Amino acid sequence: NRRIREEPLPPADLESARRYLTGNYIFGLETNQDLNGYLLDAELNGLPLDHIQHYVENVEQVTPPRILEAARARLDPQNLVVVSAGGDPRHAFTPSR
């Protein structure tokens with residue numbers, strides 16, 4: 001869908017995403033294995049090791065213009081690939097053109 005590159009995210013959708021991300025991230029850090037996985041992801045993605053301490057603050061700073069900027073820089077609708085596993089093949093995704 002090209003809308004994410006062309007239209008700002010509605011404020012209610014952004015707030016819903018913020019609540020989900022900030023309310024659930026801590027559950028992904030319940031064990032040492034979870035924390036090790038997070039630290040590995042941070043390292044692989046070039047994030048500082050203290051990123052976890054600033055996660056909520058960083059999520060709160062996301063704005064619709066920043067989302068548009070990131071989508072325009074990183075998403076190319078002509079080169080998207082959809083991968084799906086499981087489910088009923090009769091309900092397979094058909095891309096719109």
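Arg2 is found in the segment before helix 1, where helices are DSSP runs of H or I with at least four residues, numbered from the N terminus. The model is a predicted one, in which local features need pLDDT of at least 70 and side-chain atom pairs count only at pLDDT 80 or more, while totals for chains, interfaces and linings use all residues. Residues are numbered from 1 along each chain as its sequence is written, and side-chain values use heavy atoms, with hydrogens and water left out.

**Exercise 1.** Describe the surroundings of Arg2 and state how accessible Arg2 is.

*Solution.* Begin with accessibility: Arg2 has a relative accessibility of 39% and counts as partly exposed, the class between buried (under 20% relative accessible area) and exposed (over 50%), with a 1.4 Å probe and protein chains only. Next, list the contacts, meaning heavy atoms within 4.5 Å: leaving out residues up to four places away in sequence, Arg2 touches Pro77 and Gln78. Finally, compare sequence with space: Arg2 and Leu75 stand 73 residues apart in sequence, yet their C-alpha atoms are 9.1 Å apart. For the chain, 74% of contacts between residues at least 6 apart in sequence join residues at least 24 apart.

**Exercise 2.** Determine which residues of helix 5 are buried, and how they are arranged about the helix axis.

*Solution.* First, take helix 5, residues 64–74, in which Ile67, Leu68 and Ala71 are buried. Viewed down the axis of helix 5, the buried residues fall within an arc of 100°, so they line one face of the helix; the arc is that of the directions from the helix axis to the C-beta atoms. An α-helix has 3.6 residues a turn, so residues three or four places apart point the same way. Then turn to the other side of helix 5, where Pro65, Glu69, Ala73 and Arg74 are exposed.

**Exercise 3.** Locate His51, decide whether His51 is buried or exposed, and name its contacts.

*Solution.* Start from position: His51 lies in the loop between helix 3 (32–44) and helix 4 (55–60). With a relative accessible area of 16%, His51 is buried; in the chain of 97 residues, buried residues make up 11%. Setting aside neighbours within four places in sequence, His51 is in contact with Tyr38 and Asn58.

Note on methods. Helices (H or I, at least four residues) and strands (E, at least two) are DSSP runs, numbered from the N terminus.
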